[in-house]
Amino acid sequence: MDMIRSLFGLIEDLTWGWSLIPILVIFGVFITLMSGFVQFEYFGRMFRVLSSKNQSGDPNAISARQALLVSVGGRVGGGNIAGVAVAITLGGPGAVFWMWIIALIGMATSLVESSLAQLYKRSNGDGTYTGGPASYIIYGLGAQYRWLAVLYAICLMAAFAFGFNAFQGNTFAGAANDSLGVDRVWSGLLLAVITGFIVYGGIRRIAKAADLIIPIMAFGYIALALLVIAFNITALPGALWTIVANAFGLEEAVSGGVGAALAQGLRRGLFSNEAGLGSAPNVAATADVRHPISQGITQSFSVFIDTIIICSCTAFMILLSPVYVPGSEGIDGIALTQQSLVSQFGGWVQYLLTFAILLFAFSSIIYNYYLGETALRVMTNSRSVLHGLRLAIIVVVFLGATAPGATAVFFFSDPLMGVLALVNLMAIVMLFPVALRILNDFRAQLKAGVERPVLDPRKFADLDLDHSAWSYATRPEAAALNEKAVPVQPRA
């Protein structure tokens with residue numbers, strides 16, 4: 001076991017240790033500049049997805065809104081509560097500023113990777129679609145890169161479906177035990193049963209569950225944060241100044257100063273919003289939309305919700321409470337967030353936060369499971385193997401919940417996520433010219449007066465696309481729109 005831990009420790013050092021965070025930041029800046037700050041250009045369009053429905057009218061199809069909520073449910077998890085607290089404890093309040101910056105940059109990266117996932121998605125023949133980095137590696141880069149897609153799929157399944165699901169189970173059971181006194185075995189059983197009910201329903205049931213759970217989860221947590229801000233409105237300017245001052249070294253809250261704030265902010269921000277890591281595109285590909293860029297814009301919004309909104313809520317809950325003491329090593333993680341809220345509302349709020357953690361953990365579990373199912377499809381379509389995966393996930397959630405410590409159940413996830421990110425970044429760098437082509441197609445249609453651009457796969461005959469996944473473009477009601485749009489000639 002020590003040898004295995006050492007191996008994964010080496011992988012983590014080679015990825016997250018020194019190379020991956022700078023690469024993700026540099027590539028995010030590169031995409032932002034080369035795309036003309038696309039994440040800000042279409043910021044207003046992001047909010048339209050909140051009222052969107054599926055475009056085909058097929059009752060089996062997944063709408064852009066449902067795909068967004070599944071993605072938000074995956075991104076928003078224990079890291080938004082415990083991760084932010086750890087970032088502030090180790091990096092000081094300035095870490096929050098760098099989380100904001102990496103989110104704004106990551107919005108562009110997420111737009112590109114999710115748009116590529118949509119472009120190369122495959123129809124399942126029942127109104128649903130499958131895709132993601134494995135698909136754009138195989139169909140975008142070519143069959144000779146299938147080995148890379150398989151490597152990606154194995155890492156995706158191990159890191160998310162097993163490692164992070166165990167972690168989410170552990171997070172929930174720990175919170176239930178600390179605040180409610182519920183034994184880990186009972187909370188683990190409850191979570192395992194609910195997980196089993198959802199995962200055996202496939203992506204449709206996952207999407208329906210997310211459609212119900214995520215708005216309650218997000219708006220409830222935001223409302224709690226707004227109450228904290230309202231109670232401490234006079235202290236808000238000081239908290240904001242502390243964040244900025246600590247970020248640039250004007251004030252030092254912990255040893256390490258700016259370096260600690262920068263390192264913790266970037267690392268925790270990337271872990272939270274997952275932009276560039278290649279996980280969210282798997283969900284982005286399931287949506288029924290008219291144009292790949294539309295879903296890219298939607299997934300960019302998901303990053304904004306995760307970090308700029310939800311992580312900020314946790315940050316202000318902590319910084320506006322008397323519990324947090326800069327440089328103190330006493331309380332950290334979820335306990336810091338819990339005690340911060342208790343200081344504002346009293347002991348009863350622990351029960352509310354425990355319920356929020358349940359929703360956060362559960363939404364992440366069903367998202368992580370779907371990533372595992374998508375990864376499995378790259379290697380086999382066997383129903384018996386899929387059944388085995390579902391049973392394994394249920395067992396993993398239970399075992400993770402009953403484990404005494406979080407690090408014991410997901411030590412291999414961060415290193416494998418580092419490998420995922422490197423593989424995904426390699427693919428999107430090679431396919432970035434294709435992403436710019438479909439972005440230019442989207443812009444050209446908008447410029448021509450088309451309110452809702454449509455992808456016509458016939459314009460991109462040189463690409464290996466599944467035309468049945470874009471059948472809307474050939475319908476009579478779409479013909480007029482396509483005639484108005486400026487054609488984009490394919491390039492070899």
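Residues are classed by relative accessible area: buried means under 20%, exposed means over 50%, and partly exposed lies in between (1.4 Å probe, protein chains only). Arg48 is partly exposed, because its relative accessible area is 43%. The model is predicted, so local features need pLDDT of at least 70, side-chain atom pairs count only at pLDDT 80 or more, and totals for chains, interfaces and linings use all residues. Residues are numbered from 1 along each chain as its sequence is written, and side-chain values use heavy atoms, with hydrogens and water left out.

Arg48 is found in the loop between H4 and H5. Helices are DSSP runs (H or I, at least four residues), numbered from the N terminus. Arg48 and Arg65 are separated by 17 residues in sequence, and their C-alpha atoms are 9.1 Å apart.

Aromatic contacts were examined next. Rings of Phe, Tyr and Trp (its six-membered ring) pair if their centres lie within 6.5 Å; planes under 30 degrees apart count as stacked, over 60 as edge-to-face and the rest as tilted. The whole structure holds 13 aromatic pairs. One of them joins Tyr42 and Phe442: the ring centres are 5.4 Å apart and the planes stand at 90°, so the pair is edge-to-face. This pair links distant parts of the chain, 400 residues apart. Tyr42 sits in the loop between helix H3 (38-41) and helix H4 (43-46), and Phe442 in helix H19 (residues 413-447). Both Tyr42 and Phe442 are buried.

The rings of Phe47 and Phe301 have centres 4.8 Å apart and planes at 55°, so this pair is tilted. Phe47 lies in the loop between H4 and helix H5 (64-75), and Phe301 in helix H15 (residues 292-319), so the pair ties together parts 254 residues apart in sequence. Phe47 is partly exposed, at 38% relative accessibility. Phe301 is buried, at 3%. Ring pairs also link Phe43, Phe47, Phe301 and Phe304 into a cluster.

Charges also sit over rings (NZ of Lys or CZ of Arg within 6 Å of the ring centre and within 35 degrees of the ring normal). The charged end of Lys121 lies over the ring of Trp470, 4.4 Å from its centre. That of Arg122 lies over the ring of Tyr139, at 3.6 Å from the centre.

Val29 belongs to helix H2 (residues 20-34). Its relative accessibility is 34%, so Val29 counts as partly exposed.

Methods: Helix = DSSP H or I, 4+ residues; strand = E, 2+ residues; numbered from the N terminus.
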